[in-house]
Every structure is written in structure tokens, then in C-alpha cells.
Amino acid sequence: MAERAASQNTPHHRLAVHQQLGPLRLDVDITFSAPWALIFGPSGSGKSSLLRAACGLLDRNGVEFARHDTGGQWLSMSTSATRRRSLSYAPQNSTLFPHLTISENVAFPSQSPRNESNHKPLVEEVLELFEVKSYADRLPRELSGGERQRVNLARAFAVPDAKLMLLDEPFSGVDRAMRDALLPRMQEWLLLHRIPVISVSHDVDEALLLGAEVVVLASGSVVSQGPAMEVLSEERVRMLKALGYTEERP
Amino acid sequence: MDFPALGLTLRLACLTTLLLLLFATPLAAWIASGRSVGKRVAQAAVALPLVLPPTVLGFYLLMGLGPATALGRTIIRCLGHPLAFTFPGLVLGSMVYSLPFAVQPLVAGFANVDRSLVETASVLGAGPWTIFRRIVLPLSRTSFLTAAVLTFAHTVGEFGVVLMIGGDIPGVTRTLSISIFDQVQELNYAAANRTALWLVALSFVALLIVYMRSHRTQEAELG
């Protein structure tokens with residue numbers, strides 16, 4: 001169902017969080033329907049906490065997470081164990097397993113008991129997609145920050161049968177040229193595999209480049225939600241001016 | 001030199017280390033997994049042998065395993081004899097006495113594993129056993145070595161508990177430390193010195209292994 005939703009823009013997931021996190025009060029109720037939704041906001045606005053809530057890594061009181069199932073019903077995942085939520089996840093600070101090689105890291109999700117069948121081709125595919133195959137036998141500490149981040153993304157893409165992908169600042173540390181090259185490839189791959197994405201960013205450029213549905217978050221609440229070009233129009237104009245362009249002369 | 005005592009001491013230390021690691025691993029993993037009151041109570045109980053006089057532990061073990069308690073009577077019924085003054089009784093006493101030396105390094109090792117690695121592995125579909133086997137265990141292997149060596153060395157050097165629960169039966173419960181005591185009682189200082197030197201050497205080598213290993217790990221982490 002998440003597959004169908006991703007292609008037809010029908011709602012696929014819903015996340016509601018009403019919780020006090022230190023000084024921040026999170027009060028959101030978001031229904032995601034676009035193939036790629038981007039939670040946009042400044043640092044400390046609660047973006048990453050929303051992804052952690054969807055994963056079941058926050059206190060579950062005050063969190064509702066639901067998936068639209070094949071029968072068109074909302075299936076509550078709020079009490080499901082984290083590992084049974086069929087998620088793929090790339091956290092903000094790449095949490096690569098330091099003792100495993102790059103290929104072992106990327107193969108990790110397909111080697112858990114839930115995924116017993118052979119997923120070697122998938123691992124090979126994502127190693128190539130993120131251009132990290134040449135580092136396959138190295139350890140994470142032998143890679144640069146940008147390379148580690150690409151492996152972090154590759155590992156998220158190697159989760160077999162994922163129903164939702166959660167990417168926290170996916171291009172943090174990745175240079176712009178590489179990001180611009182990766183983005184269309186990632187989008188094409190995700191559309192092909194029909195996996196919807198919720199990502200988190202504070203980068204206007206990234207949001208516009210993705211053409212994603214944007215949820216703007218400020219101080220723990222949703223300020224606006226809609227297509228990037230509409231929701232971030234002010235930021236876009238400001239960015240263009242900063243670059244020396246006017247609206248008429250893009 | 002009391003070679004039977006040396007052989008018995010090494011056998012006791014090896015067996016205690018092996019059994020204690022098997023017992024301490026799940027216990028340490030449980031203690032390190034949260035902050036509940038029950039876990040803190042368990043941690044305090046595990047640390048008791050560090051502060052109690054060995055004779056107190058030995059006394060309670062002697063009483064607890066004897067015919068005065070239900071546990072002791074059950075053991076006697078099952079084995080046909082009490083555990084006290086036997087080699088298995090000595091192993092049990094050593095396990096209790098060395099428990100903190102096995103559990104505490106493991107708790108520290110497990111707690112030091114980056115929480116975000118465990119969380120990420122869980123979101124990526126790994127169950128508790130997979131996470132423990134593939135992430136926690138490899139990342140805390142130095143703690144296993146520390147726990148093993150400290151348990152071994154501590155067992156080699158124990159005296160009070162061994163004397164209380166095992167007595168001084170040659171070839172059965174007489175360990176090197178008891179042998180030294182006997183040799184001093186007999187005013188045979190030369191023999192006591194030789195035996196004591198064995199204990200010093202064994203303990204020093206054990207500690208050297210721990211410090212060499214931890215130095216190498218630090219170097220590897222720095223790059």
C-alpha cells in the first residue's frame with residue numbers, strides 16, 4: 001500500500017506527536033502523501049525528533065504513527081516494535097558500524113533474521129548507486145565524512161521490503177556536485193521500488209531541487225505544508241537575490 | 001614447590017573464568033540495558049564481594065550449601081554429598097567471590113557501545129540477539145578480555161573463601177595460596193617464597209595482558 005501511495009499521491013503514512021522534549025513542545029499531526037516529503041525547519045525545531053518518533057525511538061506516549069494498508073485502512077504502528085515497522089533509516093550522524101567493512105555495513109539490514117533470503121544483488125546495486133563500491137572492503141574510519149554519509153545512505157537503501165524511508169539530513173557532508181548527481185538517481189530508484197521518503201533538511205536549495213512536498217516546522221509546530229515552490233517561495237526569492245538574480249532573470 | 005596445588009589452582013581459575021563469563025554476560029547485558037531500580041539493586045549485590053571480608057562470604061556459602069538450609073539439603077539429595085570441601089564447591093565459591101570482577105568490566109563495555117548504533121540496527125530490522133551478537137559483542141571484546149583476566153587472576157589469589165568452603169585437602173581443595181599458608185605455618189619460608197613468586201608471576205602476566213591489550217585498542221581507535 002505504501003507502494004501504491006507513493007505512485008498515486010494518496011496518503012501513505014500519518015505521524016502525530018504531542019510531547020514535551022526538554023524545552024521543546026512538539027505538537028504536530030502530519031499526513032504524508034507525496035512520494036518524497038521533506039520536513040524543513042531551523043535547527044532545534046524538532047525535525048529529527050519526528051523521524052525518531054516514527055521509528056519508535058522516542059517515548060511512545062503521545063506518539064501516533066500509522067500506515068495506510070492494502071485494504072485502504074489506517075494500520076496503527078504506534079505499539080509495534082521498532083524493528084517490525086519495515087522502515088529504512090539514515091540518521092543524521094552516520095552511524096556506521098565501526099568494526100564492519102563498508103560492504104558488511106550495507107549488507108547488515110539484509111542479514112537480520114527478518115530478511116533471510118539472499119539480497120546480495122540489492123547490496124551490489126546500492127553500492128554502485130552511491131558510488132561506494134570501490135571502498136567495499138574498507139572500514140568506516142578509513143573514509144572521509146562525505147564518503148561515510150554516502151555509505152550511510154546506501155545502507156538505508158539496502159533494507160529489503162522497506163515500506164518507508166526516513167532520511168535525516170541525507171546530504172550532510174556530501175559535496176554539492178555529488179549531491180546533485182545522486183538526487184535524480186535516488187529519486188528514480190525510489191520510484192522504481194515504490195518506497196515513499198520522509199527526509200529532514202534545513203537546506204532550501206535541497207528542498208527546491210527535490211520538488212518534494214514540504215512540511216515547514218518551527219518551534220515544534222507545523223507552520224505550512226505543500227509543494228516546495230509554494231511553501232518555500234519566500235526563501236527561494238531571498239536565495240535568488242542573495243545570488244544576484246531577480247525573479248525575471250533566473 | 002607444591003605442583004599439585006599449582007595444577008589445582010590453574011584448573012580452578014580456568015573453570016571459574018569460563019563459567020563466570022557464561023553467567024556474567026547475560027547478567028551484565030541486563031544491568032547495562034537500563035536504569036531501573038531492580039538493575040541498580042542487582043549491581044549493588046554483584047559488587048558485594050568487593051567490600052565483604054572473604055571469610056563472611058565463605059561462612060555464608062558454607063552454611064548455605066550445608067544441611068542447615070533447604071538449598072543445601074537439595075544439593076545433598078541430588079549429589080549424595082554436600083558441596084562444601086569438594087572441588088565443585090570451590091568452583092561455586094570462586095564464582096561468587098569473583099563475580100564483580102567479571103560483571104563490572106562487561107557492564108562498562110556494554111554501556112560504552114554507542115546507543116545510536118544499537119538504535120539504527122534496530123530500525124534496520126535487527127532483533128535483540130542479532131544486535132548483541134553482531135554489534136555489542138564485537139564492540140566490547142576488550143571488556144571480555146579484561147573480565148576474563150581479572151577473574152582468572154583474582155581466583156588464583158583467593159584465600160579466605162577457599163579456606164572456608166574448601167578447607168585444606170591436598171589435591172582436592174588445596175590451592176597455591178593455602179599452600180603458602182601451610183608452608184609458613186611449618187616455618188618453611190623458602191618453599192613459601194617459591195610458591196609466592198609463582199603467584200606474583202601469574203598475576204603480573206595476567207595484568208600485563210590487560211594493559212597491553214587496552215593500549216593496543218587505544219592506538220587502533222586513534223587511528
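## Interface and confidence report

Chain B and chain A share 1 salt bridge between them. The partners are B:Glu119 and A:Arg52, with the closest N and O atoms 2.9 Å apart. The model is predicted.

**The interface**

The interface also holds polar contacts: the rule finds 3 residue pairs across chain B and chain A, both residues of each at pLDDT 80 or more. Two helices of chain B, H6 (115-123) and H7 (128-139), each supply at least two residues of the side that touches chain A. H6(B) gives the largest share of that side, 7 residues. By type, the residues on this side of chain B are 10 nonpolar, 6 polar and 2 charged.

In contact terms, 18 residues of chain B meet 24 residues of chain A. The area buried between the two chains is about 1,900 Å². Carbon and sulfur atoms give 67% of that area. Which three residues supply more than any other three of the area that chain B buries against chain A? They are B:Val123, B:Leu124 and B:Arg134, and they supply 39%.

**Chain B as a whole**

Chain B has 11 helices and 0 strands. The C-alpha atoms of chain B fill a box of roughly 65 × 45 × 25 Å along the principal axes.

**Side-chain pairs**

Over all chains the count comes to 14 salt bridges. One of them joins A:Arg14 and A:Asp29, with the closest N and O atoms 3.1 Å apart. This pair links distant parts of the chain. A:Arg14 sits in strand E1 (residues 13-21) of chain A and A:Asp29 in strand E2 (residues 24-32), 15 residues apart.

| Salt bridge | Closest N and O atoms |
|---|---|
| B:Glu119 and A:Arg52 | 2.9 Å |
| A:Arg14 and A:Asp29 | 3.1 Å |

The structure also holds 8 aromatic pairs over all chains. In one, the ring centres of A:Phe157 and A:Trp189 are 5.0 Å apart and the planes stand at 55 degrees, so the pair is tilted. Here too, distant parts of the chain are linked. A:Phe157 belongs to helix H5 (residues 145-157) of chain A, and A:Trp189 to helix H6 (residues 176-193) of chain A; the two are 32 residues apart.

**Confidence in chain A**

How far can chain A be trusted? Chain A averages a pLDDT of 86, and 89% of the residues score at least 70. Among its elements, strand E7 (residues 164-168) has the highest mean pLDDT, 95. Helix H1 (residues 2-8) of chain A has the lowest, 44. Over residues 1-7 of chain A, pLDDT stays under 50. For that stretch the model has 21 contacts beyond four places in sequence. Where pLDDT is low, the predicted coordinates should not be read in detail.

Conventions
Residues are numbered from 1 along each chain as its sequence is written. Chains are lettered from A and ligands numbered from 1 in the order in which they are written. Side-chain values use heavy atoms; hydrogens and water are left out. Contact means heavy atoms within 4.5 Å. Buried area is the accessible area (1.4 Å probe) that two parts lose on being put together, summed over both. A salt bridge is a side-chain nitrogen of Lys or Arg within 4 Å of a carboxyl oxygen of Asp or Glu. A polar contact is a pair of N or O atoms within 3.5 Å; within protein, one must be able to donate a hydrogen and the other to accept it, and residues adjacent in sequence count only if both atoms are side-chain atoms. Helices (H or I, at least four residues) and strands (E, at least two) are DSSP runs, numbered from the N terminus. Ala, Val, Leu, Ile, Met, Phe, Trp, Tyr, Cys and Pro count as nonpolar, Asp, Glu, Lys and Arg as charged, and the others, Gly among them, as polar. pLDDT is the predictor's confidence in each residue, from 0 to 100. Rings of Phe, Tyr and Trp (its six-membered ring) pair if their centres lie within 6.5 Å; planes under 30 degrees apart count as stacked, over 60 as edge-to-face and the rest as tilted.
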